[in-house]
There are 2 protein chains.
Amino acid sequence: MEMKPTEVSSSKMFEGYNKRYKHFSPTLGCSMNFHIYFPPSPSPSHKFPVCISHSSPIFSNTHFPIPLENGSFRFDCCSDANASLPGFYVSRIGDLCFVLYWLSGLTCTDENFIIKSGAQRAASSESIALVVPDTSPRGLNVEGEADSWDFGLSAGFYLNATQEKWKNWRMYDYVAKELPKLLNENFPQIDTSRAGISGHSMGGHGALTIYLKNLDKYKSVSAFAPIVNPINCPWGQKAFTNYLGGNKADWEDYDATCLISKFNDVSATILIDQGEADKLLHDQQLLPHKFEEACRKANVPLLLRLCPGYDHSYNFIATFIDDHIRHHAQAVKL
Amino acid sequence: MEMKPTEVSSSKMFEGYNKRYKHFSPTLGCSMNFHIYFPPSPSPSHKFPVCISHSSPIFSNTHFPIPLENGSFRFDCCSDANASLPGFYVSRIGDLCFVLYWLSGLTCTDENFIIKSGAQRAASSESIALVVPDTSPRGLNVEGEADSWDFGLSAGFYLNATQEKWKNWRMYDYVAKELPKLLNENFPQIDTSRAGISGHSMGGHGALTIYLKNLDKYKSVSAFAPIVNPINCPWGQKAFTNYLGGNKADWEDYDATCLISKFNDVSATILIDQGEADKLLHDQQLLPHKFEEACRKANVPLLLRLCPGYDHSYNFIATFIDDHIRHHAQAVKL
């Protein structure tokens, strides 16, 4: 049971890399995959170590930092085109890449966003690492886990289940606690203290609820077609009954529209894009106006954009993902 | 057997639409799917009909042209915000959208490029329609057609097979003749006289060979990691033996490196991108330097870009597709 992530695949895109990792998750009790898109290495012109043990280095040819066993980093560089300096050491890099967590929707794995969104283009230029977890535990063979597409496998709803049968479904803890710790311990080039969180549909619900309950950990949130009021929609009611039991008061802890009145010390504007031709909007699964109303009452800044003609697919996401990346880049760089 | 294309799906992206069509192809003797990405309707500021039956219209609120049975088009418009004019008629629109044919590689259908390339962003801003056919006939149940991933289904190699068993494999005629005619007859908003052609791997081979044999029909060509010398690589030798028989002289008619000396009246520079970390490059399937040498000898302008670190996947294509779209936009707008 390897807890340290192992690289499964790597593919260059927009000068950075899509990398897939496998690891054993103690939170979920199973092996999990996740993707990271790493933007290109910091360019020498604007990336500087905070604390340097070598005197007056000039970063004209700084390469990507090499992590050392003692927790510091080594840069190999030369002071100018003619003179080579030995590698020097830094205790921490001042300008690491930021992180945007992306939570996917029902039926997805860690792959869909990486393949379909085109987010890497803007992530590359904004120096943002995209961290994309899977959507539920896998391989536990819980009876009935694969019986429906909107519950069980690929349908973790980013909560901690309280019902015995689904005790491994702890995607809230996995995303909000285990993953940031794992990134901190294994990827020194990522600064998890400057993070945003976003997602689509069920993942938009996940992003909003995790954000509101951890306002100290994330600088910004956005969502595409999120399920914002799951206690009042068919998908949410089915999932919450099974994962959390019949006491509806317990459900409110995973409902963005309920949480907004409690956790309303939101400084960055919440960005939500919703396609107007989205069938699920008309099926009353998403209920954005419930959230809008709750934000108004709680005095929380919300930008809800209704996009004419757009549906629920990744074509919609790809069209507007740049705006979301920029929204998060502005917030994490403050 | 419906020869007229029927719309199967439609999804908005970058203000235009991905639409999938189904039709019966007389050339291939089976039902085929293809995708078109339609860029947004012409903007009123720079799209004008050539010939107008209504006097001095002002195109402040021109809508997309409505094709009429007599072959002309109707615009509904009003002259300004306050005054409505009746619809007026044009015999032809002066500024239709251009077309870029995209030919996909082995194992692909008409869907991969539409889902993974992100080409719609630039196609939208350049007013280029993307036309993406499938990669082989389907549903004919020819014995052995599904036995290997590099021959038969999804592996039409954009040629007209001469061997009896594979007589339906006529992807050359389908792409170079049937599709343009079908577009002309059914999609008046697309100007097929101003077309470019591009593709990936096997589709890059298709784009180059179809272009060279039809220099009057396409304004430009480009390719990602194309198979440029199939008669000298394992994939090509396997396919050509089966489709074209054992006479190797017949193979040269579908080999870009052979064709370039014969059809060398190329005015627009040929653009080829090749990833240097592409495993298939090292497996000698692609052979770009053979083509480079042939272009030099034939005095054909070629821009071959070797891209360090990039592999054979759509991550590579997505990174550089904007350059290709612009390459074609420049040529078709001349």
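A charge is taken to sit over a ring if NZ of Lys or CZ of Arg is within 6 Å of the ring centre and within 35 degrees of the ring normal. In chain B, B:Lys213 meets this rule, lying over the face of B:Tyr254 at 4.0 Å from the ring centre. In chain A, the charged end of A:Lys213 sits over the ring of A:Tyr254, 4.0 Å from its centre.

The model is predicted, with local features needing pLDDT of at least 70 and side-chain atom pairs counting only at pLDDT 80 or more, while totals for chains, interfaces and linings use all residues. Residues are numbered from 1 along each chain as its sequence is written, chains are lettered from A and ligands numbered from 1 in the order in which they are written, and side-chain values use heavy atoms, with hydrogens and water left out.

Five of the five residues of β10(A) are buried, so the strand is largely enclosed by the rest of the structure; buried means under 20% relative accessible area, exposed over 50% and partly exposed in between, with a 1.4 Å probe and protein chains only. In a regular strand the side chains alternate between the two faces of the sheet. In β10(A) both faces are covered, with A:Ser220, A:Ser222 and A:Phe224 buried on one side and A:Val221 and A:Ala223 buried on the other.

Strand pairing, for which DSSP must find at least two bridges between two strands, places β10(A) beside β9 (residues 190-200) of chain A, the two running parallel and joined by five bridges. Here A:Gly199 stands opposite A:Ala223. β10(A) also pairs in the parallel sense with β11 (residues 270-275) of chain A over three bridges, where A:Leu271 is the bridge partner of A:Ser222.

Rings of Phe, Tyr and Trp (its six-membered ring) pair if their centres lie within 6.5 Å, with planes under 30 degrees apart counted as stacked, over 60 as edge-to-face and the rest as tilted. The count comes to 36 aromatic pairs over all chains. One of them is the tilted pair of A:Trp102 and A:Phe224, at 6.0 Å centre to centre and 55° between the planes. This pair links distant parts of the chain, with A:Trp102 in β7 (residues 97-103) and A:Phe224 in β10 of chain A, 122 residues apart. A:Trp102 is buried at a relative accessible area of 1%, and A:Phe224 is buried at 0%.

How values were computed: Helix = DSSP H or I, 4+ residues; strand = E, 2+ residues; numbered from the N terminus.
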